[in-house]
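Please look through the structure shown here, moving from the chain as a whole to its strands and then to its charged pairs.

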Amino acid sequence: MPAFRSMTRSHSADVVVVGGGTVGAWTAVLLAESGVERVVLLEKATLGDGASSRAAGMVRAQGGTETAIVLGLRTQAFYRES
């Protein structure tokens, strides 16, 4: 997984993702993993604190397909480390 850092100000970016919920955060992660060098994720408050935090079952590690389980585990780790 690429390294992430908190930035209060950036003068340029290759891609700007607006919204740090589940979809926005994963978009930023996958862009960085695909080789995009300067991905900026904009969130007005806390990552995952908006609608994503109120979507029951959205971030889980059981059930579904193997791919869904892996994504759920990575999502839990992402929010713990952010």
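How many of the 82 residues of the protein chain, in percent, count as buried? The share is 18%, where buried means under 20% relative accessible area, exposed means over 50% and partly exposed lies in between, with a 1.4 Å probe and protein chains only. This is a predicted model, in which local features need pLDDT of at least 70 and side-chain atom pairs count only at pLDDT 80 or more, while totals for chains, interfaces and linings use all residues. Residues are numbered from 1 along each chain as its sequence is written, and side-chain values use heavy atoms, with hydrogens and water left out.

The protein chain has two helices and two strands, and from the N terminus on these elements run β-α-β-α; helices (H or I, at least four residues) and strands (E, at least two) are DSSP runs, numbered from the N terminus. Strand β1 (residues 15-18) pairs with strand β2 (residues 39-42) in the parallel sense over four bridges, pairing being assigned if DSSP finds at least two bridges between two strands. Within this pairing, V16 has V40 in β2 as its bridge partner. Together with helix α1 (residues 22-33), the strands β1 and β2 make a right-handed β-α-β unit, a crossover being right-handed if, with the strands pointing away from the viewer, the path from the first strand over the helix to the second runs clockwise.

In the segment before β1 lies A13, which touches R38 and V40 when residues up to four places away in sequence are not counted; contact here means heavy atoms within 4.5 Å. A13 counts as partly exposed because its relative accessibility is 31%.

A search of the whole structure finds two salt bridges, each defined as a side-chain nitrogen of Lys or Arg within 4 Å of a carboxyl oxygen of Asp or Glu. In one of them, the side chains of R38 and D14 meet at 2.9 Å, N to O. This pair links distant parts of the chain, with R38 in the loop between α1 and β2 and D14 in the segment before β1, 24 residues apart. R38 is partly exposed, at a relative accessible area of 40%, and D14 is also partly exposed, at 41%.

A salt bridge also joins the side chains of R74 and E33, at 2.4 Å, N to O. Because R74 lies in helix α2 (residues 66-81) and E33 in helix α1, this pair ties together parts that are 41 residues apart in sequence.
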